[in-house]
Amino acid sequence: VRTSSSLIGSLAGYLKQSPARLSTCVDVLFKGLENCTINSNDGNGDYHDKLEALTIKAISILCDTCRSELSSYLLQLFNVLNTILIPGSNVSSFTREKLVRSLGFLIESKVESRPEEQGTYVSQAIDIFNNFIQQVISMPNEQTQEQRNYIHCLLTCISELGSALLPSDESDNSLVLQKLPELRDFWQRDPLQVRAKILNLLLQVLNNPVYSRDSGFVEVSCLIVGKGLKLAEDEPFFLKYSMAEILNFVLDQIPKADLPSSLPFYSYLLENLVNQYKDRLTQQEFDYIFDNVFLKYYEGVITNDPDLQQTIINFVNTILDSKPSFAIYSSYWESFVLIEFAKLLSTREKFTIVAITKFWTKVMNNKKYTEADLATTRHQINSIGQQLIYQTMFGLYHTQRSDLNSYTDLLRAFVAKFPMQTKNWLTIVLPQICSNNSAHERFINKLQITRGNRAAANVILEWWLECNQLPTL
């Protein structure tokens, strides 16, 4: 079975040119999938699970490769979907999700026909998921773990449908390009209220603390809401939520969430949001987001959790890559970011070290800066440079050898951008870190000679080895 299903998947490109053989293969695969589910209670559960996984993978590959050729199977896939999504059916979540993705591939091919046809199929699929979820959450008793897993699977199915409907390579053909304006107008209007149905369903599920505090549900909800954020603004897609809708969703859910496990998902969603809408977002709106998502929880939650510290640093790093002015002209930049992020340079957590040294390197060396941005940040670094060098060298001195490279990149940036100031700052702070004046003097002199090039790495390693009384190179 493994060999034959793999062979069928490998032959997808050939079968695309042979409709009769393609239909025969698909029929056989669906029959095999049916047999797996019917016979799953015969004592060979593991065996049938493996067959089921192999079969659905082959079906998915064929549906992806032969989208237009298999569009006549849409009704059959809907019938199969209605059967395998029934609560308690002997089908794995993997199979359900893969089948929905397969269905999505065929719906996506309908881009060549009327937008209303594609929209009707998408709406029909969402109604199926919604109806099954309503059956479970309307039960009077508290949901079991199995029921929670079932609801999570159905939400993942919505995400899989969205992934399958992302524009494919075939979207470049002339027929599809002719239909784009019509399709764009249809999904902007969304006459079937597909986006509203999905968002209302997510809000209904997350209104239950059991789900709003479960990072798995937060993750899949963020995947759904943010599915269209990496597409061009004029790209037609059924899951394109507006900036206001996404912001309201995040700001509404954050207070209900278990932040240690869920904040990274909301933060990543906001990173994509800022990237997409950076030309529309105002400085005041950015500050409001930063305050209500991060600052409000910094002292009580984030400061005690290295993973969340890394999350907030990565968020700011993304902003510095996308639109640095949001960060450096924020009302919280000097009063919070520079102060707190300077302290984090002496952290002992590996991933925080990587993120925080990357941050300070970006602050000093950023190709997205305007001349005004550059002048502003240079002035700020000059003002706090001695403190930054102290925290950097303190962290470097106490770190593991495997983490030296992160500090190396930062020190190279200091020497390249602030050569004379860095020499003075090092002369002042190094004696405060350890007593080895001869090593400090050699280090400063050699580091200046490198002018921030790659040779600085060996100079930094030699200083670290000598000051930690380890064998030198």
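A residue counts as exposed when its relative accessible area is over 50%. By that cut-off Q469, at 75% relative accessibility, is exposed. The structure is a predicted model. Its chain has 24 helices and zero strands, and 52% of its 473 residues count as buried.

**Overall architecture**

- Taken along the principal axes, the C-alpha atoms of the chain fill a box of roughly 80 × 55 × 50 Å.
- Among contacts between residues at least 6 apart in sequence, 73% join residues at least 24 apart.

**Helix 20 and its two partners**

- Helix 20 spans residues 371–398, and its packing is described here against helix 24 and against helix 19.
- The axes of helix 20 and helix 24 come within 9 Å of each other and cross at roughly 65 degrees.
- The crossing of helix 20 with helix 24 is right-handed.
- On the helix 20 side, this contact is formed by M393, L396 and Y397, and on the helix 24 side by I460, W463, W464 and C467.
- Sorted by class, the contact between helix 20 and helix 24 contains seven nonpolar residues, with no polar and no charged residues.
- Helix 19, residues 350–364, packs with helix 20 at an angle of about 140 degrees, and the two axes are 10 Å apart.
- An angle over 145 degrees would count as roughly antiparallel; helix 19 and helix 20 are therefore classed as oblique to each other.
- W360, V363 and M364 of helix 19 meet T377, I381, I384 and L388 of helix 20 in this contact.
- The contact of helix 19 with helix 20 comprises six nonpolar residues, one polar residue and no charged residues.

**Helix 22 and helix 23**

- Helix 22 (residues 419–433) and helix 23 (residues 437–450) have axes 10 Å apart and pack at an angle of about 170 degrees.
- Because angles over 145 degrees count as roughly antiparallel, helix 22 and helix 23 fall into that class.
- Helix 22 and helix 23 form a right-handed crossing.
- Helix 22 contributes P419, K423, L426, T427, L430 and P431 to the contact, while helix 23 contributes N437, H440, F443, I444, L447 and Q448.
- By class, these residues of helix 22 and helix 23 comprise seven nonpolar, four polar and one charged.

**The two sides of helix 5**

- Within helix 5, residues 74–84, the buried residues include L74, L77, F78, L81 and I84.
- These residues lie on the same side of helix 5, because they cover an arc of only 135 degrees around the axis.
- L75 and N79 are exposed on the other side of helix 5.

- T95 belongs to helix 6, residues 93–108.
- With a relative accessible area of 1%, T95 is buried.
- Not counting residues up to four places away in sequence, T95 touches L33, E52, I56 and I84; of these, I84 is also one of the buried residues of helix 5.
- S215 is part of helix 12, residues 215–225.
- S215 has a relative accessible area of 25% and is partly exposed.
- Neighbours within four places in sequence aside, S215 is in contact with S261, S262 and F265.
- The C-alpha atoms of S215 and P260 are separated by 9.1 Å, and these residues are 45 apart along the chain.

**Positive phi values**

- Most residues other than glycine have a negative phi.
- D190 is not a glycine, yet D190 has a positive phi of about 50 degrees.
- D190 is located in the loop between helix 9 (174–189) and helix 10 (194–206).
- The relative accessible area of D190 is 4%, so D190 is buried.
- Q469 likewise has a positive phi, of about 55 degrees, although Q469 is not a glycine.
- Q469 lies in the segment after helix 24 (456–467).
- D190 is buried, whereas Q469 is exposed.

Notes. Residues are numbered from 1 along each chain as its sequence is written. This is a predicted model: local features need pLDDT of at least 70, side-chain atom pairs count only at pLDDT 80 or more; totals for chains, interfaces and linings use all residues. Side-chain values use heavy atoms; hydrogens and water are left out. Helices (H or I, at least four residues) and strands (E, at least two) are DSSP runs, numbered from the N terminus. Buried means under 20% relative accessible area, exposed over 50%, partly exposed in between (1.4 Å probe, protein chains only). The arc is that of the directions from the helix axis to the C-beta atoms. Axes are lines fitted to C-alpha atoms, for helices over the stretch in contact, and angles run from 0 to 180 degrees between N-to-C directions. A crossing is left-handed if the near helix is turned anticlockwise from the far one by less than a right angle, and right-handed if clockwise. Contact means heavy atoms within 4.5 Å. Ala, Val, Leu, Ile, Met, Phe, Trp, Tyr, Cys and Pro count as nonpolar, Asp, Glu, Lys and Arg as charged, and the others, Gly among them, as polar. Angles under 35 degrees count as roughly parallel, over 145 as roughly antiparallel, 65 to 115 as roughly perpendicular and the rest as oblique.
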